Amino acid sequence: MTTPQHAAFSGQPPGVTANGTPAIRFAGVHKNYLSHGESVPAVKPMDLAIGQGEFFSLLGPSGCGKTTTMRMIAGFEEPSGGKVYLDGQDVTGVAPNKRDVNMVFQSYALFPHLNTYQNVAFGLERKKVGKADIKRRVGEMLDIVSLTGMEKRQPREMSGGQQQRVALARALVNHPRALLLDEPLGALDLKLRQQMQIELKRIQREVGITFVYVTHDQGEALTMSDRIAVMNAGVIEQLGSPREIYERPATRFVAGFIGTSNLVDGHVDRCENGHALLSYTAQDRVVVPVGSSVRPGDKIEVSVRPEKIDLHRGVPPVASTGGSVLSGVVNEVVYHGTSTNYTVATAAGADFTVFDQNASNAEDLADRGDRVFLTWAPQHSYMIGV
Amino acid sequence: MDRVKRQLAPYLLILPGGLWLLLFFVVPMVAMLSLSLQQGDVVNGYRFTFHWQNYTEAIEAYNTQLIRSLIYGVIATIILIILAFPVAYWIAFYGGKRKSTYLFLLLLPFFVSFVLRTISWRQILTDDGPVLSPLKSIGLLPESYHILGTAPAVICGLVYNFLPFMVLPVYVALERIDPRVVEAARDLYANPATSFRKVILPLALPGVFAGVLMSFVPVSSDYVNSEVLGSSSTTMIGQVIQKQYLNNSDYPTASALSFILMAVLLVGIFAYARALGTEDVMKVAAR
């Protein structure tokens, strides 16, 4: 998961490499749009550093500002304020054709009048690279994206997956400081998309270029990224490794947007050993690790992932008494083959989703209407900022 | 039985259109061809005699007007491209939500009759009209200068009257260009001029090609603009045909001239299409 390159990140501010210069840096960058004479913020003041060779994802729902953020890196949008740095150089106000980054567009945007070779060679020709050099580099790049032999094909004669590779080759052949990908796999069907995810990751390792990947697909971001910035309403809500984002969502939005989360709130009854206890009934309680600022009586919100929860019929095993226990009634059972998903109405008031692996006893399924106990270890509860 | 029906269906569907063409295109063409080979005069009537001399005599008598029409056609078409491209470009790329409004405004004058519009140009270009008199009064042009009755006046009228025939096809081609393709060119180190030359222009050429086809033919065979804005020194072939037919009742010469004009235009267009077929145009421009 972590390549030697990225090991350099540990112990340093995120996104800064050993030599200290991030590939891309935002300093107080913000963007407002004028809409009906009113200034509407698309991206609120943002500081961001993306490291050399990093696979960095901007993840969020549509309209969250992720595409605007990317277009400010490319130079298609100018920030309303703040500075954009590429490799330490201030490029704010520099035209897109003079920025050493390349983009893979959402619908590929291949030149329809040019064949594969001419599409890929376009950037090198503008840079006045010699003919022989162009030929060699285009050949190498087509080899990397497995399109050798397709040189003479026009875009309309190729499948979506092939066009996708041409778009990738057309950008990467220029050895940009960073490659910007705007939902590049959105138009492909599921099977092809999964293939391309693996391939993109391989290509990124091979060429060692910084990838900035815009997507609304959390699965895609979690699989491919070194780090993810989760955006909402023009703000980065959380920035971290896929594991951090998934295991420790910082906000209610992140918890809900990434995967499935069960959210439950309540008042703290008592604190001990860095854990807060929320009691609902004599036996129903949630235990959550908290900081020292949380005091008894505070209202807090707790998140727990569905796959961390154990579902018991009858009485919960005594061993789990140190953790959280909630009783409830099964509302819904959905059998998925490898797992079974339950929806349980709990005594805490919230409906919980539980993923139960069908490891051994597939016959031992709870039914709708069954009374069950949900238990999970203290470390799987997570207090989130509201 | 069903299969026979299914196979017949397409032919039945084109039957009305086919009949229409037969009646109003093929029949008149044959009638005109027959007319062009007849001999005689209005009083004693015309007789079909394979009189090919009609053609040679017509060319001999009116080759000046024929060549002049083609020259006017070429000049007007070139000016049309120069004028129409920026208009179409602006509407397509900067028209925003008002694109159709701008197109409507462009077409609005053409709701008025062709002849009336041309006559109003006469008012504009007349010696003491709104164009010439101010220029003369500030001394930019000599008092004796006039434009009406000259070739530029006729070409002005032709360009004005056929502007939409060029703007619309060019607009359609430009409007179909994905803005992201232009962005891609900018992203790949092309400055605005290069992205225009390497991407926008090649993608717009099919539209220009269609615009030329649609405007060159009616411009070259026009008979109104020269009549209203020109003089005897600007007579175009369309006027000659009209006069021979309606004033002199010399049907064979008029028909022969019509066929000559048609043949010349067809040859010209085929040569043009051969030299600049859409596929090839794009390939040439892409180099």
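Q: What makes residues of domain 1 and domain 2 of chain A count as being in contact, and how many are there on each side?
A: In this predicted model, seven residues of domain 1 of chain A are in contact with six residues of domain 2 of chain A. The test is that C-beta atoms, placed from the backbone, lie within 7 Å. By class, the domain 1 side has three nonpolar, two polar and two charged residues.

Q: Where do the two domains of chain A run, and what separates their centres?
A: Domain 1 covers 4-100 + 176-256, and domain 2 covers 260-384. Their centres, taken over C-alpha atoms, are separated by 34 Å.

Q: Which residues meet where α3(A) packs on α4(A), and what are their classes?
A: From α3(A) come Tyr117(A), Val120(A), Ala121(A), Leu124(A) and Glu125(A). They meet Ile134(A), Arg137(A), Val138(A), Met141(A) and Leu142(A) of α4(A). This contact divides into eight nonpolar, no polar and two charged residues. Glu125(A) and Arg137(A) belong to the charged class, as Glu and Arg count as charged.

Q: Which element gives the largest share of the side of chain A that touches chain B?
A: Here α3(A) turns up again, with four residues. Overall, 19 residues of chain A are in contact with 17 residues of chain B. The elements of chain A giving two or more residues to its side are β6 (101-104) and α3. That side has 10 nonpolar, six polar and three charged residues.

Q: Why do β11 and β21 of chain A stand at the edges of their sheet?
A: The open sheet has three strands in the order β11-β15-β21 (chain A), with antiparallel pairing. Both β11 (262-267) and β21 (382-384) have a single partner strand, so one side of each lacks a neighbour in the sheet. Neighbouring strands are turned by 40° against each other on average, direction ignored.

Q: How do you know that β15 and β21 of chain A pair?
A: Pairing needs at least two bridges, and three join β15 (residues 299-304) to β21(A). These strands therefore pair, and they run antiparallel. One of the bridges links Glu301(A) with Ile384(A) in β21(A).

Note on methods: Residues are numbered from 1 along each chain as its sequence is written. Chains are lettered from A and ligands numbered from 1 in the order in which they are written. This is a predicted model: local features need pLDDT of at least 70, side-chain atom pairs count only at pLDDT 80 or more; totals for chains, interfaces and linings use all residues. Two residues are in contact if their C-beta atoms, placed from the backbone, lie within 7 Å. Domain bounds come from an automatic or database domain assignment. Axes are lines fitted to C-alpha atoms, for helices over the stretch in contact, and angles run from 0 to 180 degrees between N-to-C directions.
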